[in-house]
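Take a look at the model below and follow it piece by piece.

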Amino acid sequence: MSGFTADDHRHMGRALVLAAQGLYSADPNPRVGCVLVRDGVVVGEGFHARAGEPHAEVQALAAAGARGRGATVYVTLEPCSHHGRTPPCADALIAAGVARVVYASEDPNPRVDGSGAARLRAAGIATASGCLEGAAVALNPGFFSRMRRGRPFVRVKLGASLDGRTALANGASRWLTGEAARADVQRLRARSSAILTGAATARRDDPLLTVRDATLELRGRIPLRVVLDPRLALSPGARMLGEPGPVLVITGSEDAARREALIARGAEVLRLPDAAARDLGAVLAELARREVNELLVEAGARLAGAFIAARLVDEFVLYLAPHMLGHDAVPLAMLPMLDELGERWQFRYADVRQVGEDLRLTVVPRGAEGG
């Protein structure tokens, strides 16, 4: 939307910087920042830090105090109008007597979706939307995906050699990429609502799937770990079951003994009809129901290929190590054989950069809208 001034863009840019402070902790709520400006002076700032705690607008109003009356509010998402974990922010802005609210994007939550702005206008408060909207949506790809498409934003992460291999033929893959790349993956994990792997990878690598960088501000939040395990092959002795935080095992198996053994170790075992347990779309719908916004897939070639083949990948993050493993090593993804070149899965580069000694490629499907 046009018509915004340089000051509008500057203050909304600051609100986006504030919103990013909740990158690892605000989930399952969106990351939101807010700036209050009166007579050209910033009088209050805030960001949403954690679900159940005050929203960005309430934080900024508290910081402004009486100076908030007559102020212009810059907020990265339309103020909410419903009672969720906290009271409606629209009501707090009305009570504070602000004069104008500029918000980057409408809230895609059907419980809001324009009603917050309508409530403000009904109270005589001027509103304007669309200032730096693209940046606000990009900060919350999972929230917008869950609200608009009924499924999480799916990010598939893989490490590979220059010849596109992820492990030796005997399965050895530790460590394929360097220390800097592995540290970068911790940031991907930290921003995710859930981390998903397959039963084969869980058996072979026995991963923890935890965030092990204490400098990342999760504020006590621990991403859900999900294992797709159609036959309940996950060992009750798996290392991830000894770590703090929830583990969800999704299966089609009716084996009660295996199920109880995993439950005894703290896992939640969700049995779906066998076909649904193998249907990635059904799995994503279930995760969305559990308020999973961003899903990080860390899996082997078969499961990674299944997500790609089903066209359920929103972002593909590939760490390329500067060596080769040979033609008999494990491929990047197992995909169906194609008869025509026009049938190929096509991506575009969204970002390319060096991370330590490795190259990180971020690619998205051609024609994708993002979140």
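The buried residues of helix H7 are Ala181, Asp184, Val185, Gln186, Leu188, Arg189, Ala190 and Arg191. Buried means under 20% relative accessible area; exposed means over 50%, and partly exposed lies in between (1.4 Å probe, protein chains only). Helices (H or I, at least four residues) and strands (E, at least two) are DSSP runs, numbered from the N terminus. H7 covers residues 179-191, which makes 13 residues. From its first C-alpha to its last it reaches 19 Å, close to the expected 18 Å. That expected span is 1.5 Å times one less than the number of residues.

A word on the source. This is a predicted model, where local features need pLDDT of at least 70, side-chain atom pairs count only at pLDDT 80 or more, and totals for chains, interfaces and linings use all residues. Residues are numbered from 1 along each chain as its sequence is written, and side-chain values use heavy atoms, with hydrogens and water left out.

Strands of a sheet pair through backbone hydrogen bonds, either parallel or antiparallel. Here two strands pair if DSSP finds at least two bridges between them. This open sheet has 9 strands, in the order E11-E10-E9-E8-E12-E6-E13-E16-E15, with mixed pairing. Its edge strands are E11 (268-271) and E15 (347-355), each pairing on one side only. Neighbouring strands are turned by 20° against each other on average, direction ignored. H7 packs on this sheet and touches E6 (153-161), E8 (194-198), E12 (294-297), E13 (315-321), E15 and E16 (358-365). Contact means heavy atoms within 4.5 Å. The direction of H7 makes about 165° with that of E13. Axes are lines fitted to C-alpha atoms, for helices over the stretch in contact, and angles run from 0 to 180 degrees between N-to-C directions.

Zoom in on strand E10, residues 247-251. How many of its residues are buried? The count is 5 of 5. In a regular strand the side chains alternate between the two faces of the sheet. In E10, Val247, Val249 and Thr251 point one way, while Leu248 and Ile250 point the other way. On one side, E10 pairs with E11 in the parallel sense over 4 bridges. Ile250 has Leu270 of E11 as its bridge partner, and Thr251 has Arg271. E10 also runs parallel to strand E9 (residues 224-228), joined by 4 bridges. There, Val226 stands opposite Leu248.

Next, the cores. In soluble globular proteins, nonpolar side chains tend to be buried together. A nonpolar core is a set of buried Ala, Val, Leu, Ile, Met, Phe, Trp, Tyr and Cys residues joined through side-chain atoms within 4.5 Å. The largest one has 37 residues. Those with the most contacts inside it are Val156, Leu196, Val226, Leu287, Leu295, Phe307 and Phe316. Take Leu287: leaving out residues up to four places away in sequence, Leu287 touches Pro152, Leu196, Leu224, Val226, Leu248, Val292 and Leu295. A second, separate core has 22 residues, including Val32, Val73, Val75 and Val101.

Move on to the other sheet. This one is open too, with 5 strands in the order E2-E1-E3-E4-E5 and mixed pairing. E2 (41-47) and E5 (126-129) are its edge strands. Neighbouring strands are turned by 15° against each other on average, direction ignored. Strand E4 (residues 100-103) pairs with E5 in the parallel sense over 4 bridges, and Val101 stands opposite Thr127. Helix H1 (residues 6-19) packs on this sheet, touching E1 (33-38), E2, E3 (72-75) and E4. Helix H2 (residues 56-64) packs on the sheet as well, touching E1, E2 and E3. E1 and E2 run antiparallel, joined by 6 bridges. They form a hairpin with 2 residues between them, and Asp39 in the turn has a positive phi of about 55°.

Last, the cysteines. A disulfide is a covalent bond between the sulfur atoms of two cysteines. The cut-off here is a pair of cysteine sulfur atoms within 2.5 Å. A search of the whole structure finds 0 disulfides. Cys34 is buried, at 0% relative accessibility, and Cys89 is buried, with a relative accessible area of 0%.
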